[in-house]
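Reader: Could you walk me through this model, starting with the overall fold and then turning to the charged side chains?

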Amino acid sequence: MKTIYHAADTRGNANHGWLKSRHTFSFADYYNPERMNFGVLRVINDDHVEGSMGFDTHPHNNMEIISIPLSGNLAHKDSMGNGSIIKNGEIQVMSAGTGITHSEMNPNADMPVQLLQIWVFPKTRNVTPRYQQISLAENAKPNGFQQILSPNADDEGVWIHQDAWFNLAKWDKGTSGQYRLHDSKNGVYVFVIKGKVQIGEQTLNQRDGLGVWDTDRFELTASENAEILLMEVPMSLNA
């Protein structure tokens with residue numbers, strides 16, 4: 001098993017006043033040639049957006065874009081005619097495909113919104129753009145792995161145009177579990193949203209990340225109450 005560790009305080013840091021963002025991988029003005037991606041996982045942005053502020057209308061293409069609010073609300077509008085509020089406990093995905101424009105705003109003047117925005121390279125380019133948003137609460141699995149994303153429209157969670165599986169693990173202190181990869185040629189990027197987690201000899205604290213590959217399974221233990229996002233993706237950009 002191979003691993004790569006990214007401590008939370010080694011991430012790129014952007015402070016625009018209304019937006020404070022930490023970048024796991026190179027993004028915007030943060031460039032680190034050693035941290036461009038993990039397989040087809042291209043972006044993990046940890047964003048804090050102040051009240052009544054946000055991202056004005058801007059374009060995307062040929063990228064799978066996943067948003068997971070951690071606190072507060074996010075108002076979304078796009079060129080496909082979608083308009084919605086995304087809340088903590090929900091997940092949103094856009095397949096940008098041939099091209100879309102969208103905006104993301106904090107609709108609350110008195111409350112910031114904290115969210116993870118994740119970009120994954122698609123396996124098929126120039127698909128028809130699509131949008132999906134669901135609540136995660138009804139399929140929550142305390143002290144287990146809850147699948148929140150997959151390549152299959154009929155599976156639990158949202159789906160994207162890539163052979164990727166995301167799982168959310170909300171574990172009590174002392175809980176252990178074994179994650180089994182869907183494909184041994186994939187890797188898993190483990191991102192600790194809250195708490196403390198042990199994987200082998202590596203301790204992961206809040207907002208730390210660990211890439212794991214060249215294995216078909218690995219064990220995790222929650223050293224404290226923890227919320228963990230596991231992102232299994234192809235390691236080859238040509239997959």
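Author: What follows goes from the whole chain to its salt bridges. This is a predicted model, in which local features need pLDDT of at least 70 and side-chain atom pairs count only at pLDDT 80 or more, while totals for chains, interfaces and linings use all residues. Residues are numbered from 1 along each chain as its sequence is written, and side-chain values use heavy atoms, with hydrogens and water left out.

Reader: How many helices and strands are there in the protein chain?

Author: The protein chain has zero helices and 22 strands, where helices (H or I, at least four residues) and strands (E, at least two) are DSSP runs, numbered from the N terminus.

Reader: And what share of the residues is buried?

Author: Of the 239 residues, 54% count as buried, meaning under 20% relative accessible area, with exposed being over 50% and partly exposed in between (1.4 Å probe, protein chains only).

Reader: OK, charges now: how many salt bridges does a search of the whole structure find?

Author: The search finds eight, a salt bridge being a side-chain nitrogen of Lys or Arg within 4 Å of a carboxyl oxygen of Asp or Glu. One of them joins Lys2 and Asp214, with the closest N and O atoms 3.3 Å apart. That pair links distant parts of the chain, 212 residues apart, from Lys2 in strand S1 (residues 2-6) to Asp214 in the loop between strand S20 (209-213) and strand S21 (217-222).

Reader: Which residues are linked in a network?

Author: Salt bridges connect Arg11, Asp46 and Arg207 in a network.
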